[in-house]
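Hi there,

Here is the model I promised to pass on to you. My notes on what turned up in it follow below.

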Amino acid sequence: AVADPEANARVRADDRAHVFHSWSAQALIDPHPVAGGAGASFWDYEGNTFLDFSSQLVNLNLGHQHPDLVAAIQAQAGRLATIQPSMANDVRGDLARRICEVAPEGMSKVFFTNGGADAVENAVRMARLVTGKRKVLAAYRSYHGNTSTAITLTGDPRRWANEPADGSVAHFFGPYAYRSPFHSASPEEETRRALEHLEQTIILEGASTIGAIILESVVGTNGVLVPPPGYLPGVRALCDRYGIVYIADEVMVGFGRIGEWFAFQAFDVVPDLITFAKGINSGYVPLGGVIISDEIAARFDTVAFPGGLTYSGHPLACAAGVATFEVFARDGILERVRDLGARVVEPRLRAMAAKHPSVGEVRGQGLFWAIELVKDAETREPLVPFNASGPDAAPMAAIAAACKKEGLWPFTHFNRVHVAPPLVISEEDLVRGLDIIDRALDVADRAAAG
Ligand code: PLP
C-alpha cells in the first residue's frame, strides 16, 4: 500500500458530501477510503493494508480481484455486456445448469435476481402463489434483506424501524444452545423443544394460513448459529405435515462458506426453494437467485410467473459465476474450507475460549465462526447489550480498533466477533489474523473485568 494523501482527501470529501450510506446516521460515520485489494487483503490511501476477515459483507468468497473472475468479466464485456432476461443467453444458461448440478436432485430451475433480498422476495412470492397461503414464518434471529417483504421477515432490529410490519409474517425462536430460549440441557433437547415450539407456532398461527417457513441454514449475521442435529430435518417434516413451503436462505452461507455448496447439505435436509447471492460470484457483479423444486417450477409451466427484473441473469454477473464454479473445482475450495476450519480455526478459537475470560462461546463450521463475548462466563451476560450502539457498544468498538491497528479488518456484530475470511486465504494469513484477534481479546477481557 502506498500513501496518497491527496487521493485520500478527495475520496473522503466526495463520499462525505454526496454518498448516502446504508443503515447509518449520515453525520456520525466516517467511511474508510479503500484504494485496492488482492486476495484476502485490501489497502487504503494511507499506507495501511488490512486482512479482510469479514470478506466485505461475507460475500467475497474468492477474495479481492481474483484473476479468473476479473478475466471472465472482461471477456464477457468484450463479447456481450448485457442482454435482457427474456432472451436466451449462453453464460446465463451455463451458470443455471452448473447451479442445478450441485443443488439437490429434483431442483432443476433457477430464477436469477440482482441480490439476496430480491431472491427472498421472489421465493416468498412463489410459495404464496403455489400454496394460496400468505403468511410466512421466520426466525427472530435472522436477516433476510432490505426490500419490503424481506425486511419484514427479518427478525433482527433492522425490522423495527421499518414497521408497521406486514401482518402476514410471524416470528419464532430457532435453536440457540448457548442462550436456549427453551432451557435445554443438550443439543438433542434443544432440537426437540425448538421443533415443539415451531409446531405450536404453526398450530396457533393457523396452518391453513401459512405458505412458507424461511430459515437461514446457518444463521449468519445474527450469530453464526449452527443448527443442532435433527433440527432442519424436523422443520422439513413439519412443512410436509402442514403443507408449507420450506425456503432455505443460503445468501450468506451458500457457495462454500461452511465447506459445502449449500449449508443445508451438511444437515441432511432438502428444501423446496433455495435463495442465494453473495458467494455465487463473490459479488463482483450483483447477482442472486432462487433455485426451484421441479414441483413448484411445474406450477408455472402453463401459468405465467408474475415477476421479473431488467437485469435478471446479467451476463457479466453470470460470467463471474461460471468462473467461480471453475475455480471451486480446480482449487478444491470446498475441501480447503473444511480442512482449514477443522484443523486451523477451530482449535485456535477453542484455545482462545479457554484463555480469555470474556469468551463465552465459540461456534461455527468451515470458515464461518463466531466468538461470543460476555461480561461473566457464569451468568453469560453479554459484553454489550443486545442491539447496543454508541457508548453502550464502546467495548466492541475498542476490540475492532485493536484489530485494525494490527492490520485486520474484523466483522463485529452486537457482542460477537465473527471470523469469515475469503475462502482463498492462505494458511499463514489465517493464522496471523487469528493471532491478531487473540491479542484483541485482551481488550475484551479488560472490558469484562470492568
Ligand atoms: N439473506 C441473508 C441470509 C443475508 O445475509 C443477506 C445479506 O446479508 C440477505 C438475505 C440480503 O442480501 P442482499 O443484501 O444481497 O439483498
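The shell around the ligand is made of 7 nonpolar, 7 polar and 2 charged residues. For these classes, Ala, Val, Leu, Ile, Met, Phe, Trp, Tyr, Cys and Pro count as nonpolar, Asp, Glu, Lys and Arg as charged, and the others, Gly among them, as polar. In total, 16 residues surround the ligand, and the closest are Gly115, Gly116, Ala117, Gly145 and Val251. Helices (H or I, at least four residues) and strands (E, at least two) are DSSP runs, numbered from the N terminus.

Please keep in mind that this is a predicted model: local features need pLDDT of at least 70, side-chain atom pairs count only at pLDDT 80 or more, and totals for chains, interfaces and linings use all residues. Residues are numbered from 1 along each chain as its sequence is written.

Now to the domains. The protein is divided into domain 1 (5-65 + 332-449) and domain 2 (68-331), with bounds that come from an automatic or database domain assignment. Their centres, taken over C-alpha atoms, are 25 Å apart. Domain 1 puts 30 residues into the contact and domain 2 puts in 28 residues; two residues are in contact if their C-beta atoms, placed from the backbone, lie within 7 Å. On the domain 1 side, the elements that give two or more residues are helix 2 (55-58), helix 11 (333-355), strand 11 (359-365), strand 12 (368-373) and strand 15 (416-419). That side has 11 nonpolar, 13 polar and 6 charged residues.

Next, some helix pairs. Helix 4 (residues 90-102) packs with helix 10 (residues 315-331) at an angle of about 40°, and their axes are 8 Å apart. Axes are lines fitted to C-alpha atoms, for helices over the stretch in contact, and angles run from 0 to 180 degrees between N-to-C directions. Helix 4 and helix 10 are therefore oblique to each other (angles under 35 degrees count as roughly parallel, over 145 as roughly antiparallel, 65 to 115 as roughly perpendicular and the rest as oblique). Their contact has 7 nonpolar, 1 polar and 3 charged residues. In helix 4, Val91, Arg92, Asp94, Leu95 and Arg98 meet Pro315, Cys318, Ala319, Gly321, Val322 and Phe325 in helix 10.

Helix 10 also has helix 3 (residues 67-79) as a partner: the two axes come within 8 Å and cross at roughly 145°. The contact of helix 3 with helix 10 has 11 nonpolar, 2 polar and 2 charged residues.

Finally, helix 7 (residues 187-205) and helix 8 (residues 231-242) have axes that come within 10 Å and cross at roughly 25°. That makes helix 7 roughly parallel to helix 8. Thr191, Ala194, Leu195, Leu198, Glu199 and Ile202 of helix 7 make the contact with Tyr231, Gly234, Val235, Leu238 and Tyr242 of helix 8. By class, these residues divide into 8 nonpolar, 2 polar and 1 charged.

Best wishes

Terms used
A residue is near a molecule or strand if its C-beta atom, placed from the backbone, lies within 6 Å of it.
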